[in-house]
Amino acid sequence: MNLPGAGLIQGLAVTARNFVGSYFEKARMTTEQYPEERPKLPENARSFPFLVFDGDDAEAGMRCVACKICEKECPPQCILIVQDRDEAGKALKRPKVFEIDIAVCMSCQICVEVCPFDSIRMDQDYELSSFDRFAPLVLDKAKLLKSNEYYQSIHPTEAAETDARLEADRKKKEAAAAAKAAKAKPAEGAAG
Amino acid sequence: MMCDFFHSLCADPVNAIGGWFVLLPAAVLLLAAAASVVLRNLIHAALCLTLSFIALGVVYLALGAEFVGFVQLLVYVGAVAMVIVFAILLTRPDELERSRSFFAGFGPAGGAAAALATLAVLLGAIFTSPTGDRPMPPAVAVPVADLGKALMGDYVVALIVIGVLLTAALVGAAVLAMEDEP
Amino acid sequence: MTLQIVLGISAILFSLGLAAVLTRSHAIMLLMGIELMLGAANLNFLAFWRFSPDPAALAGILFAIFSIAVAAAEAAVGLAIIILVYRNLRSVEVDDADQLKG
Amino acid sequence: MNLLERAPIELKAWLLNLLGVFGVPDWALAILSALLIIGTVIAVFLGLFALTSVMERKILARVQNRLGPNRVGPFGLFQPVADGIKMITKEDLVPRGADPIVHFLAPVVMMVPALLVLAILPYGRDMVPVELEAGILYFFAVGAGTEVAVFMAGWGSNNKYSVLGAMRAIAQMISYEIPLVLSAIVAAMIAGSLMPSVIVAAQGGFAFGFVPQWFVFTPWGFTAGLIFYIGALAESNRSPFDLPEGESELVAGHLTEYSGFKYATFFMAEYVGMFAICGLFVTLFLGGWQAPLPFLEIIPSWCWFFGKVCFVAFTMIWVRATLPRLRIDHLLAFAWKFLLPMSFAAFLAAACWHYAGRGALGWGMSLVIVAVPYLALGTSFTRRFAVSKRTYQFSE
């Protein structure tokens, strides 16, 4: 026979156990106290795109060649690229302006997938709030460019793959260049 | 003078200043009652009526009837006033009131005149009565226990009848206001 | 302070209640007027008790208590009737409840 | 009598003496004495309110295994200050169709009874601000003003949710006032007085030298105390009876159109009212300022009183953390069909206890008188309101 009101007592016991337990069992408390404690993000977490550069100099090591594929593919069209030109007006293989409006960006990662130069990658920085709706949310080239080391630190697996592929490409290119040079030498010799 | 006044007021407000303290809540009572009669907005009238109930309770307290004063507050403010506002809300509160046709030829003025005439008669009777200017005897606190003993002793039949009446009223009101079962 | 003053207050209160009953046509206003008149009657009981030479005679207080109880019952039943009338006639004007007139 | 026990009284006497030495006239001292008591009581209860407003959130958080507010000051204890600043600086909105006077007066009318009822509680040995012969009656009589305030708030806002919330709140308050008063009268009946200090005195002493003779430790007292506790929850609109403010259906009930300081006033009045009714519960059933064990009497009586009040307030928060909100028809049915008969049973049991002597016979009789209706009503109630097996129309 179930005594009427027993359910109330059971319920109160459950909440009491929770209340007391929260002071003694560390495992119960899952709250991270954010500004002091930072969450360890999973490796595939992503916020907004950034540009990878190699070496120490951001401008010199920039992988981007201003091919504008990402600009075309971007579904919300948040990327703006202006190609750099020299004094003669000849197009250079680097962007003069590269801006991403993260107020518009939807973190779809399509730009990353289409980039043939492994230049654009997803960042993990989520502390991007600002007091102004417009200017601070448009990231320019200076803000977007981040070193390959940083990329390694946030996405180690992916970055290792990329680096291995780039290395392989470079080797293949070198080998091709060497083979070409080898082919060219006899010809030169023949000419000479 | 000042000292006496405040001392007596703090120690025993009922007997302070010869019982004239009654006039303060009485003034509130009459003003609120008049407002509740005159106001066209029913809810305002009911709220003024509530205020007059409270003031009436304070008048009872000032007359030294502690128990009745609190019962007045409990029953009238807690129950009657709330039942009245409930009734106002359950009927339509914003409907405009038509003028009364009971005194068809006279309108509301006739009713007011009748009430004034009654007032004149009553006041005349009160102020010509020989017992009217009896002075106020000093207040004697009535222990609640004495009231209880009287209720359970000499007045027990009346108490039981009241109990039956209240039960009948409770059941009757519930039956009356109940929706007809389909 | 004399008995006359308290009785005078009570008389004014009674007349105000009477005026409410006679001049207003809303059924709830009528009930409110009746409550005022009952309050005036209670005030009279208490005034006579207060000014009586024998303060141990509790009839005034007890009568007031009984009268308050009756007033509460009256209010409950009265308002139930008003709600019922409203439900049947869609009106709370007392003059509209005239189906019984010959 | 130890010094701490008398400390508040002696402090007041010393202060008034000091002022008397400086030639403050007698009548001013009489007023000052009253003002000192009033000021102390109000300050203590507002302090309790401030403390509870943060402790409640912390306790609720802990029950849900969260941390609760901990940003403002040490352990978040200054949270009430931040809340207060927020409330005061918020815009005070009055809806266009509202009745400005009624809308304005409602929080005031709400606050007045909540503070007035504090006058009769015995805070400690010889510490009753106003000794009233009909103290318990005074508490309920003045407390009735709350209903007027709720109605004024609901109607004055000119908002259908407000009116509905107010009507629900009033229906609930009137319904629960009956078992509340009846169970309070049970305690008054055994003590033979409506005077709070007499009721506390009647619970003094220890059976067998260590069991306190509080009313709650008897069958009828336990029943009446439980009914009073449930009624107190409903009167102060606390969960699980907080459906006048049920945000899932009524936005915020009668508080919908209140903001800023007026809302804060309502909030404050509700909490002070809750503490007042906790204090009355402690006075009536938990032995008031009496210590629970003989050797604990060295702790001053007023500490015991406030300790017990805080404990009862804690259980109210605990209940809030546990139980879901009731439905309005269940709520009213519970008051009229369960609590009311049970309070009559407690009444009867107390009468038996009184006449059968306070020994084993009284215990047995009152236990039977309370237990039988409880089991009968309880089983019929759980059967009637039992949750039927859920079938979903559109599944399968």
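Hi everyone, a definition to start: axes here are lines fitted to C-alpha atoms, for helices over the stretch in contact, and angles run from 0 to 180 degrees between N-to-C directions. Helices (H or I, at least four residues) and strands (E, at least two) are DSSP runs, numbered from the N terminus.

Please keep in mind that this is a predicted model, where local features need pLDDT of at least 70, side-chain atom pairs count only at pLDDT 80 or more, and totals for chains, interfaces and linings use all residues. Residues are numbered from 1 along each chain as its sequence is written, while chains are lettered from A and ligands numbered from 1 in the order in which they are written.

Let's begin with chain D. Helix H9 (residues 219-235) packs against helix H14 (residues 360-384) at an angle of about 35°, their axes 8 Å apart. On the H9(D) side we have D:Pro219, D:Trp220 and D:Thr223, which meet D:Trp363, D:Ser366, D:Leu367 and D:Val370 of H14(D); contact means C-beta atoms, placed from the backbone, within 7 Å.

Now the chains. Chains A and C have no contact, with their closest C-alpha atoms 34 Å apart. For chains C and D, also without a contact, that distance is 13 Å.

Finally, chain A. Strands E2 (residues 79-85) and E3 (residues 91-101) run antiparallel, joined by six bridges; pairing takes at least two bridges found by DSSP. A:Arg85 stands opposite A:Ala91. Five residues separate the two strands in a hairpin, and A:Gly89 in the turn has a positive phi of about 90°. E3(A) is also joined by two bridges to antiparallel E5(A), residues 138-139, with A:Ile100 opposite A:Leu139.

Technical notes
Contact = placed C-beta atoms within 7 Å.
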